[in-house]
Structure formats: structure tokens, C-alpha cells
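This report walks through one protein model.

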Amino acid sequence: MGQSSQQALNWRLSLRRTLLKGSLSVALPQTPDSNPVDYIDEEDFISLDIPLEMAGERLDKVLAGSLPDYSRNRLKAWVEAGAVMVDGKVTKARYLLHGGESIRVFPQEMPEQFDFSPEDIPLDVVYEDQSLIVINKQPGLVVHPAAGNWSGTLLNGLLFRYPELKSLPRAGIVHRLDKDTSGLMVVARTAQAQTSLVRQLQERTVGRRYLAWVWGDAPNQGKVLATVGRDQRDRLRMAAGSAQGKPAATLFRRLAKGSFSEAPLALLECRLETGRTHQIRVHLESLGFPLLGDPVYRKKTPGAAKSLPFERQALHAYALSLQHPLSHEWITWFRLPPPDLMDLLLQVGMSDVVLPKEEALLASVNNDHQS
């Protein structure tokens, strides 16, 4: 590879990193296929724009020259694992570039990366015992460290507060929320508890309820049955109805109507029967009801959204229920939305009276378990 060509690529890579504000995050750790993996996909990749003068260069050599932080063997393994895409397609390490391609690298974790550092990060611990920890995650908090985002995460905070979690895979984390989704998450404190929680997630017995503020005149209730998989035209997005997607089901009911600058909107309670990546966001957008503030799934978002001062997807995991790994008792946790969503209620003409009540939630969950 010529020096000028490599300099051009390094400059473009540096510019791309700056424009994407650190889009060098994030490689998701391996989890069971049926585990919910909720994450912000635009933070999943390293992006390279290949200059025309690099025509004829091999993919593996370009990657090695452009990403010196990673060994040649590691980069080759990522290519072979399908974690490197050239213009949206998986290819071979010896592929000859034509110039002008867009390459996206999805870093995969290696065993030596599992030694994460404890950090004193404020955590809202809702419940803890010898088996479980339940966290009310604040918006803006990434769940798991990964490439370009090795610190300041929920996992780092858990290791500081509970050092024994270092002995567990992913520090006991068994499911995730998007960086900008707030709400309840459960973390295992023992291997026995982690095994039980993963099994419950696989069997879809963990109850998860969300509050979602959406644009549009949503119906009283509904159920979305549509596969969720990578959007073949835009690998940063998930898509509903994808032929390569996995089955997914979301139930919703409308709690209230509102408006902003004469644009109708609604507050929905959503219940997951499956846990696919971005499932609620994708399913609701497919119906024409995108979430307020969602930066990715914006189809049919009205012009009024530009003047609404809310800059994250309006989604909160307000209820979590599961069977305790030791006692086998069903337990339910409930948390109202954080201050930014409570403020949003007023901005869109709603009152906190419309929010779910803990007593009604417990009655509903008990009814579900008896039926």
C-alpha cells in the first residue's frame, strides 16, 4: 500500500471518527440467541471509506494498516466470522478492493478483553439479595464495555459495587437496554442465578413492560407479529418483516392521547413476548408510530418533532417480573419514568394521572401467572 494512499485513508478514518463522535463503539458480547439484546446499532462499528487510489489492495492489508490497535490475526478472524462488511456484503480477507468502497468493521470481543476495570458510577439499585440485583438504569448509560467504549458503563459500575461479579460471564448481565432507554434490568450475582435467568429469558417467562411515547393516532390496543432482523439496505438498522429476521411479538395498549404543535401522539404500554434488537422501536415504526426522539427509526415522524426539545427515544422499562432463582417466588418491580420523561408528559398535554399504578400492575401480573 502506497504511503500517500494510507495517509489518505487514515485522514478519512480520523474525519469519520470525528463526525460520528466516537462511533468506534461497540462489540456486543456473545449471548444466547433468544436473549434480549437491546442496543444502539450506530455505535456498533468502525467505518472506513476507501480512497479510489487503493484499488487493487487486499482487504486484510488495508484493515491491518488502518486499524493498528488490532492484530492481523484478530482482523482476519473478524473477516472470516463475517464481522467485516464491504458495501454491506461479507467477503474474504484476500478480497481485492476496487476503491470507493465503504467498509464497516464490527469488533468482536476476545478473552483478554474481559478484565474490565471497576469504576465508581452512581447506580440506582432497586433491589438486591444474595442472588439478584435489580437496577433502574438511567438514560445515557451504556450497559457493556466494548471497542471504543471501555469505561463509564453499567458493567464497570457493577464491578465497583459488587467485586464478586468479576467471576461471572459479563459480570452477571443477562439482558440489556439501549443506551438511551431507561428502566429496570436484572443482574445475576451467582452462576446458579445467571443460569436460571438465562433459562427464563429463553423460555420467555420474564415479564417486561415499557412506556413508549409515539407520534400518531395510535389505536386503543394491538399486537404486532412481525420478524425483526437486519435491514438489508441499511445495516445500522433493524427492519420489521425481514425474511432473515427472527419471529417477534409486541403487545401494546394506549394509556393516553396527547399532541405537540397540533401533531397527535400517544402514550403506549408495551409488553414483549420476545426480546429482539430494537423490537419495540422497530415494530411501532412499522405501524406508523415512531417513538418521540428516536434518532434511528423516524419514518412518519412529523415536522413538529424538530421543535420538541427531547433528544432520546421516549422509552422506559417500567416493570420487570421474574421467578426468583432460589425461592422460585414470582417477584415484580415497578419504577416510574425519570424526570425527563415526566417533563415530557406536560409538554405533550398529558398528566401523570395516566401513568400505570403499582397496585394495578401487581394485580395484572398475578392474573397472568394464574391463567
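Leu158 has a relative accessible area of 0%, so it counts as buried. Buried means under 20% relative accessible area, exposed means over 50%, and partly exposed lies in between (1.4 Å probe, protein chains only). The residue sits in helix H4. Helices (H or I, at least four residues) and strands (E, at least two) are DSSP runs, numbered from the N terminus.

Which residues touch Leu158, leaving aside its neighbours within four places in sequence? They are Leu123, Ile135, Pro163, Leu165, Ala171, Ile173 and Val187. Contact means heavy atoms within 4.5 Å. Glu119 lies 39 residues from Leu158 in sequence, yet their C-alpha atoms are 8.1 Å apart.

## Model and conventions

The model is predicted: local features need pLDDT of at least 70, side-chain atom pairs count only at pLDDT 80 or more, and totals for chains, interfaces and linings use all residues. Residues are numbered from 1 along each chain as its sequence is written, and side-chain values use heavy atoms, with hydrogens and water left out.

## The helix and its cover

H4 is mostly covered. Six of its eight residues are buried. These are Leu154, Leu155, Asn156, Gly157, Leu158 and Leu159. The cover over them includes strand S6 (132-137) and S7.

Ala171, one of the contacts of Leu158, lies in the loop between helix H4 (154-161) and strand S7 (182-188). Its phi is near 55°, a positive value in a residue other than glycine. Ala171 has a relative accessible area of 5%, so it is buried.

## Overall figures

The protein has eight helices and 15 strands. Of its 371 residues, 54% count as buried. Take the contacts with a separation of 6 or more: residues 24 or more positions apart account for 68% of them.

The accessible surface comes to about 16800 Å². Carbon and sulfur atoms hold 50% of that area. Accessible areas come from the Shrake-Rupley method with a 1.4 Å probe; for residues, only the protein chains shown count as cover.

## Salt bridges

Side chains of opposite charge can pair when their charged atoms come close. A salt bridge here is a side-chain nitrogen of Lys or Arg within 4 Å of a carboxyl oxygen of Asp or Glu. The structure holds 15 of them. One joins Arg209 and Glu269 at 3.6 Å, N to O. This pair links distant parts of the chain: Arg209 is in strand S8 (residues 207-215) and Glu269 in strand S13, 60 residues apart.

Asp217 pairs with Lys257, with the closest N and O atoms 3.5 Å apart. This bridge also spans distant parts of the chain: Asp217 lies in the loop between S8 and strand S9 (221-225), Lys257 in strand S12 (residues 249-260), 40 residues apart. Asp217 is exposed, because its relative accessibility is 51%. Asp231 and Arg237 form another bridge, their closest N and O atoms 3.7 Å apart. Both Asp231 and Arg237 are buried. Glu128, Arg161, Glu164 and Arg189 are linked in a network of salt bridges.

## The loop from S13 to H6

Gly275 lies in the loop between strand S13 (263-272) and helix H6 (279-286). Its relative accessible area is 8%, so Gly275 is buried. The C-alpha atoms of Gly275 and Val228 are separated by 9.8 Å, although the residues are 47 apart along the chain.

His278 is found in the loop between S13 and H6. Its phi is near 60°, a positive value in a residue other than glycine. At 3% relative accessibility, His278 counts as buried.

## A positive patch

Where do Lys61, Arg72, Lys76 and Arg94 gather? They form a patch of positive charge on the surface. A charge patch is made of residues with over 30% relative accessible area and no salt bridge, like charges being joined within 9 Å. Lys and Arg count as positive and Asp and Glu as negative; His and the chain ends are not counted. The place of a charge is taken as NZ of Lys, CZ of Arg, CG of Asp or CD of Glu.

Arg94 lies in the loop between strand S3 (89-90) and strand S4 (102-105). Arg94 counts as exposed because its relative accessibility is 60%.

Conventions
Patches are made of residues with over 30% relative accessible area and no salt bridge: like charges are joined within 9 Å, nonpolar side chains (Val, Leu, Ile, Met, Phe, Trp, Tyr) within 5 Å.
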